[in-house]
Amino acid sequence: MNMEKDCIKSIFMKKMFCIISIVLANGLSAYSQTKIKDVYEFPVKQENREWGEFETIEKRMAALQIPDTVITTISTEGLLETCLEFPYLTDIFFCDNYQQGFEALKAEFNGFRELFKRPNLTNVLLEKYRSLSVDVKEVRIQNDVKRGEFSFRYFVLEFMLTQDIIFKNLSLEQEKQLFLLSFEHKKIKQNYSDIFSNLNDLPTNLLYVKKAMNDPEFKFENAELKKTLSDFIQAPLSVDQRIIGNIENYINNKYK
């Protein structure tokens, strides 16, 4: 299954055109902060001649799968970095909403499927998320292409943290860490608007909405608002920032 064939939406694509163009034109592996030794190196890359020699996308996708002998031994840190370098990572954009796009990534690439089986994934994601404050200072001096790649990777990383298998199984300490980091990163993204776009706000918004919907102490103004937020969780694409502001104030008071 490949989202390039199944569910490209013209309006959605116009909205995402700039960031996708940057990433696809230059290859996802062009920028990476990783120093992890066991990141899997894909045998075919977009910048190489072999990329265009595959008869079908399906055959190319098959060549990108991590071999069984590697996927069972690669560290969770290495596997996360490998997933963030997956050449078809932009398929998360090619559907009606980002959750559908992320499900497509898991269907397409065995690296994502294995990653979400790892028992230490939450801690690895949080550690990677924590590094944003350091990484962003280094990427700011890079060109627009590398800035675009960086913000895109962090969009995917933050979206991983919103997945139910992660979010609903956080310990109290992990949950506190996550929200404190999200406050810090929200300020970073505001201060570095030359790197991050409004797109990067969506995973944080989704995280806050999921917290509100799962917190019995949060009071909804009316049933219509609760329905609106429930719809956003099911099909995350956009949400009124005035609604997010109220939720964010509640969460700030809860964790700060």
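Before anything else, the cut-off I'm using: an angle of 65 to 115 degrees between axes counts as roughly perpendicular, and under 35 as roughly parallel. Also a reminder to myself that this is a predicted model.

**Entry 1: helix 6 on helix 10**

I looked up helix 6, residues 98–108, against helix 10 and got axes that come within 12 Å and cross at roughly 95°. That angle falls in the 65 to 115 range, so helix 6 and helix 10 are roughly perpendicular to each other. On the helix 6 side I noted Tyr98, Gln99 and Phe102, and on the helix 10 side Phe155, Phe159 and Met160. Sorting the residues of this contact by class gave me 5 nonpolar, 1 polar and no charged.

**Entry 2: helix 10 on helix 13**

Next I followed helix 10 to helix 13. Here the packing angle is about 10° and the axes are 8 Å apart. With under 35 degrees as the cut-off, helix 10 and helix 13 are therefore roughly parallel to each other. Phe155, Glu158, Phe159 and Leu161 of helix 10 meet Leu202, Pro203, Thr204, Leu206 and Leu207 of helix 13. My tally for that contact: 7 nonpolar, 1 polar and 1 charged residues.

**Entry 3: helix 13 on helix 15**

Then I turned to the other partner I had listed for helix 13 (residues 201–214), which is helix 15 (residues 241–255); their axes come within 9 Å and cross at roughly 70°. That makes helix 13 roughly perpendicular to helix 15. I also checked the hand, and the crossing is left-handed. Helix 13 contributes Asn205, Tyr208, Val209, Lys211 and Ala212, while helix 15 contributes Gln241, Ile244, Ile247, Glu248, Ile251, Lys254 and Tyr255. By class I wrote down 7 nonpolar, 2 polar and 3 charged for this contact.

How many cavities of 30 Å³ or more does the model have? I count 2.

Which helix gives the largest share of the lining of the second largest cavity? I found helix 13, with 3 residues. By class, the lining has 5 nonpolar, 3 polar and 1 charged residues.

Methods:
Residues are numbered from 1 along each chain as its sequence is written. This is a predicted model: local features need pLDDT of at least 70, side-chain atom pairs count only at pLDDT 80 or more; totals for chains, interfaces and linings use all residues. Side-chain values use heavy atoms; hydrogens and water are left out. Axes are lines fitted to C-alpha atoms, for helices over the stretch in contact, and angles run from 0 to 180 degrees between N-to-C directions. Helices (H or I, at least four residues) and strands (E, at least two) are DSSP runs, numbered from the N terminus. Angles under 35 degrees count as roughly parallel, over 145 as roughly antiparallel, 65 to 115 as roughly perpendicular and the rest as oblique. A crossing is left-handed if the near helix is turned anticlockwise from the far one by less than a right angle, and right-handed if clockwise. Contact means heavy atoms within 4.5 Å. Ala, Val, Leu, Ile, Met, Phe, Trp, Tyr, Cys and Pro count as nonpolar, Asp, Glu, Lys and Arg as charged, and the others, Gly among them, as polar. On a 1 Å grid over the protein atoms alone, a cavity is a set of points where a 1.4 Å probe fits but cannot get out, and a pocket is an open set with protein on both sides within 12 Å along at least five of seven lines; lining residues have an atom within 4 Å of a point. Grid points are joined across faces, edges and corners, and a volume is the space filled by probe spheres set on the points.
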